[in-house]
Amino acid sequence: MFKTTRAEALIIARRLLRGYASAPDPRRQIQNLYSAVIHGEGWSSREETEILAFGSWLQGHPSLVELKPRCEALLSKLG
């Protein structure tokens, strides 16, 4: 994936989260969301820390019920 601006990354991530419920593979949908934000440029150091913590959490293969609330929390912290 290519680098995007912070604003573009948030737009993509929000779009992916909206499509979460109808996604054929919800876990993959969230991985794509993470990919969108990790490739965004212009995050503050606090936001980068939040994004990296989310990525670490995601690598632990959380249950599907935990995915959407955690993504919503991340996106609310990012703006």
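Which residues does Thr4 touch, not counting residues up to four places away in sequence? In this predicted model, local features need pLDDT of at least 70 and side-chain atom pairs count only at pLDDT 80 or more, while totals for chains, interfaces and linings use all residues. Residues are numbered from 1 along each chain as its sequence is written, and side-chain values use heavy atoms, with hydrogens and water left out. With contact taken as heavy atoms within 4.5 Å, Thr4 touches Ala9, Ala36, His39, Gly40 and Glu41. Thr4 lies in strand E1 (residues 4–5); helices (H or I, at least four residues) and strands (E, at least two) are DSSP runs, numbered from the N terminus. Thr4 is buried, at a relative accessible area of 7%, where buried means under 20% relative accessible area, exposed over 50% and partly exposed in between (1.4 Å probe, protein chains only).

Helix H2 comes next. Buried positions in H2 are Pro26, Gln29, Ile30, Leu33, Tyr34, Ser35, Ala36 and Val37. Their cover includes E1, helix H1 (6–18), strand E2 (40–41), helix H3 (45–59) and helix H4 (64–78).

Helix H3 has 15 residues and reaches 21 Å from its first C-alpha to its last, close to the 21 Å expected at 1.5 Å a residue. In H3, the buried residues are Glu47, Ile51, Phe54, Gly55, Trp57 and Leu58. They cover an arc of only 165° around the axis, which puts them on the same side of H3; the arc is that of the directions from the helix axis to the C-beta atoms. Ser45, Thr49, Ser56 and Gln59 are exposed on the other side of H3. The buried residues of H3 pack against H1, H2 and H4.

Rings of Phe, Tyr and Trp (its six-membered ring) pair if their centres lie within 6.5 Å, with planes under 30 degrees apart counted as stacked, over 60 as edge-to-face and the rest as tilted. A search of the whole structure finds two such pairs. Tyr34 and Phe54 form a tilted pair, 6.1 Å centre to centre with 40° between the planes. Tyr34 lies in H2 and Phe54 in H3, so this pair ties together parts that are 20 residues apart in sequence. Phe54 and Trp57 form a tilted pair too, at 5.6 Å and 40°; both lie in H3, three residues apart, about one turn of the helix. Tyr34, Phe54 and Trp57 form one aromatic cluster. The charged end of Arg70 sits over the ring of Trp57, 4.6 Å from its centre, by the criterion that NZ of Lys or CZ of Arg is within 6 Å of the ring centre and within 35 degrees of the ring normal.

What about charged pairs? A salt bridge is a side-chain nitrogen of Lys or Arg within 4 Å of a carboxyl oxygen of Asp or Glu, and by this rule the count comes to three. Glu47 pairs with Arg6, the closest N and O atoms being 2.7 Å apart. Glu47 lies in H3 and Arg6 in H1, so the pair ties together parts 41 residues apart in sequence. Glu50 and Lys77 meet at 3.3 Å, N to O, linking H3 to H4 across 27 residues. Glu72 and Lys68 meet at 4.0 Å, N to O; both lie in H4, four residues apart.

Key:
Expected span 1.5 Å × (residues − 1).
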